[in-house]
Amino acid sequence: MANILVVDDELGIRDLLSEILNDEGHSVDVAENATQARVSRATNNYDLVLLDIWMPDTDGVTLLKEWATAGQLTMPVIMMSGHATIETAVEATRIGALSFLEKPITMQKLLKAVEQGLARSTVSQGSETASHASNGTAPSAVVSITAQAAEDNLPNSHQGFDLDRPLREARDGFEKAYFEFHLAREGGSMTRVAEKTGLERTHLYRKLRQLGVDLGRNRRG
């Protein structure tokens, strides 16, 4: 059983996710906005948070950034939205979100994402315990984001896409996310991305311009 926080301003979604997760044996707290989520996070330790992006007081990406800055992003966070763009999803994963679920969320997608999130939480806790044991110190209640954060700053390699739209739009959305992922991982190097994706450099450049990818966003230095 895991302790999970569900943050969403829609009552129906909170109730649905809570019911599903409770049926799976988890303990679930709910918050309808960022204000309630801050209080819950400050008073409880969670193994996983499901966080809506669009909320009336403070958006989920801003709240995620607050937690990261304050050293409170010690648990996996899965972002949720029915209207988020690829850019928003990429920004969230850069800050530290584990993955992104697009609404409407099916039970299968939810349970798979939760399983992956809890697996990451278990691995992180195990690594923290081993690290403190080797240093002869006790685990701290607040853990700073270290090597794992560096990995999480890259766009997540598993993203949800809305397939209920024209083929051209769905394909372009996937391709843009694909190239943004590899550009971020390769520090904006067109040469390495061309080698990785198997495209000729000139063709790759034209493709990125066509998709509207920001070529200077991920350059190092």
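N33 is buried, because its relative accessible area is 15%, and buried means under 20% relative accessible area, exposed over 50% and partly exposed in between, with a 1.4 Å probe and protein chains only. The model is a predicted one, in which local features need pLDDT of at least 70 and side-chain atom pairs count only at pLDDT 80 or more, while totals for chains, interfaces and linings use all residues. Residues are numbered from 1 along each chain as its sequence is written, and side-chain values use heavy atoms, with hydrogens and water left out.

N33 sits in the loop between β2 (27–31) and α2; helices (H or I, at least four residues) and strands (E, at least two) are DSSP runs, numbered from the N terminus. The N33 side chain reaches the backbone nitrogen of Q36 at 2.9 Å. Apart from neighbours within four places in sequence, N33 is in contact (heavy atoms within 4.5 Å) with V7, M55 and D57.

V7 leads on to the largest nonpolar core. A nonpolar core is a set of buried Ala, Val, Leu, Ile, Met, Phe, Trp, Tyr and Cys residues joined through side-chain atoms within 4.5 Å. This core has 23 residues, of which V7, V49, L51, L64, W67, V77 and M79 touch the most other members. Two or more residues each come from β1 (3–7), α2 (34–43), β3 (48–52), α3 (60–69), β4 (77–81) and α4 (86–95). The largest share, 4 residues, is given by α3. With neighbours within four places in sequence left aside, the contacts of V7 include A31, A37, V49, L51 and M80. A second, separate core has 18 residues, among them I4, V6, I78 and A113.

Another loop residue, A97, lies between α4 and β5 (99–102). A97 counts as buried because its relative accessibility is 1%. Leaving out neighbours within four places in sequence, A97 is in contact with L64, V77, M79 and A92. A97 and L64 are 33 residues apart along the chain, and their C-alpha atoms are separated by 7.6 Å.

The aromatic rings come last. A pair of aromatic rings is described by the distance of the centres and the angle of the planes. Rings of Phe, Tyr and Trp (its six-membered ring) pair if their centres lie within 6.5 Å; planes under 30 degrees apart count as stacked, over 60 as edge-to-face and the rest as tilted. The structure holds 2 aromatic pairs. The Y178 and F179 pair is edge-to-face because the ring centres are 5.2 Å apart and the planes stand at 80°. Y178 is partly exposed, with a relative accessible area of 31%, whereas F179 is buried at 5%. Ring pairs link F174, Y178 and F179 into a cluster.

Conventions
A polar contact is a pair of N or O atoms within 3.5 Å; within protein, one must be able to donate a hydrogen and the other to accept it, and residues adjacent in sequence count only if both atoms are side-chain atoms.
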